[in-house]
Structure formats: structure tokens, C-alpha cells
Amino acid sequence: MIGLDTNILVRYFAQDDTAQAQFASRFIESQLDERRPGHVSLVTLAELMWVMRTRYGTSKDDAVTIAAHLLGDGRFVV
């Protein structure tokens, strides 16, 4: 199992830096699946929510959607 840090998840969801977002998206979409999921610690999940809400102005509803995506997508284990 591959551990994912906050930075890669922020780039994946925020898509704010072209080069880093492309890397994060390509990595997550090509390297992770239900057999080889990425591990997201609870600390990373909390930090991701904090960064998305405070730095990117993500609404509560959108933050819930991000969390639900992580919890429901077989490519991630929280």
C-alpha cells in the first residue's frame, strides 16, 4: 500500500498547479486501484480538509464531496 500525503491530494483535488496536478492525477489514476490502494491517514484527511477550506475557499458541501470521494473510491483506504 502506498501512503499519500496532503500535498499530492491537494494537487489532485485543487488542480491549481498544472505540472504538479498532472503528476498527481496521472499517479493516482494509473498507479492506484482496489488491489493497490493509496493509504490516506486520518491526519492527512483532516489536513486536506483544512487546506481546501482555508486556502482554496472550498464550501462545506464540496469538502464533504471530497471526503466522500476518498471514502467511497476503491483507490483509497482511509
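Ser-25 lies in helix H2. In this predicted model, Ser-25 has a relative accessibility of 14%, under the 20% limit, and therefore counts as buried. Beyond its neighbours within four places in sequence, Ser-25 is in contact with Tyr-12 and Gln-15.

Tyr-12 is buried, with a relative accessibility of 11%. The buried residues of H1 are Thr-6, Ile-8, Leu-9, Val-10, Arg-11 and Tyr-12. Packed against these buried residues are H2, helix H3 (42–54), H4 and strand S3 (76–77).

Gln-15, the other partner of Ser-25, is found in the loop between H1 and H2. Its relative accessible area is 44%, so Gln-15 is partly exposed. Most residues other than glycine have a negative phi.

**Packing of H1 and H4**

Helix H1 (residues 6–14) packs with helix H4 (residues 60–72) at an angle of about 115°, and the two axes are 12 Å apart. The crossing of this pair, H1 and H4, is right-handed. On the H1 side the contact involves Leu-9, Tyr-12 and Phe-13, which meet Ile-66, His-69 and Leu-70 in H4. By class, the residues of the contact of H1 with H4 are five nonpolar, one polar and no charged.

**Met-49 in helix H3**

Met-49 is found in helix H3. Is Met-49 buried or exposed? With a relative accessibility of 17%, Met-49 counts as buried. Leaving out residues up to four places away in sequence, Met-49 touches Ala-63, Ile-66 and Ala-67. Met-49 and Val-10 are 39 residues apart along the chain, and their C-alpha atoms are separated by 9.2 Å. Val-10 is itself among the buried residues of H1.

**Aromatic rings**

The count of aromatic pairs comes to two. The ring centres of Tyr-12 and Phe-13 are 5.0 Å apart and the planes stand at 80°; over 60 degrees counts as edge-to-face, so this pair is edge-to-face. Phe-23 and Phe-27 form a stacked pair, with 6.3 Å from centre to centre and 10° between the planes. Phe-23 and Phe-27 are four residues apart in helix H2 (residues 18–31), so about one helical turn separates them. An α-helix has 3.6 residues a turn, so residues three or four places apart point the same way. Phe-23 has a relative accessible area of 48% and is therefore partly exposed.

A charged side chain is also placed over a ring: Arg-55 lies over the face of Tyr-56, at 5.1 Å from the ring centre.

**Phe-27 and Leu-4**

Phe-27 is placed in helix H2. Apart from residues up to four places away in sequence, Phe-27 touches Ile-2, Leu-4, Ile-8 and Leu-32. Ile-8 is one of the buried residues of H1.

Where is Leu-4 placed? Leu-4 is in the loop between strand S1 (2–3) and H1. Its relative accessible area is 7%, so Leu-4 is buried. Beyond its neighbours within four places in sequence, Leu-4 is in contact with Leu-9, Phe-27, Leu-32, Gly-38, His-39, Val-40, Thr-44 and Phe-76.

**Glu-34 and C-alpha separations**

Glu-34 lies in the loop between H2 and strand S2 (38–39). At 68% relative accessibility, Glu-34 counts as exposed.

| Pair | Apart in sequence | C-alpha to C-alpha |
|---|---|---|
| Glu-34 and Phe-76 | 42 residues | 7.8 Å |
| Met-49 and Val-10 | 39 residues | 9.2 Å |
| Phe-27 and Asp-5 | 22 residues | 13 Å |
| Leu-4 and Asp-16 | twelve residues | 18 Å |

Technical notes
Residues numbered from 1 in each chain as written. Predicted model: local features only at pLDDT ≥ 70, side-chain atom pairs only at ≥ 80, totals over all residues. Heavy atoms only, no water. Axes fitted to C-alpha atoms, helices over the stretch in contact; angles between N-to-C directions. Helix = DSSP H or I, 4+ residues; strand = E, 2+ residues; numbered from the N terminus. Left-handed = near helix turned anticlockwise from the far one by under 90°. Contact = heavy atoms within 4.5 Å. Nonpolar A, V, L, I, M, F, W, Y, C, P; charged D, E, K, R; others polar. Phe/Tyr/Trp six-rings, centres within 6.5 Å; stacked < 30°, edge-to-face > 60°. Buried < 20%, exposed > 50% of the residue type's maximum accessible area, 1.4 Å probe, protein only. Lys NZ or Arg CZ within 6 Å of the ring centre and 35° of its normal.
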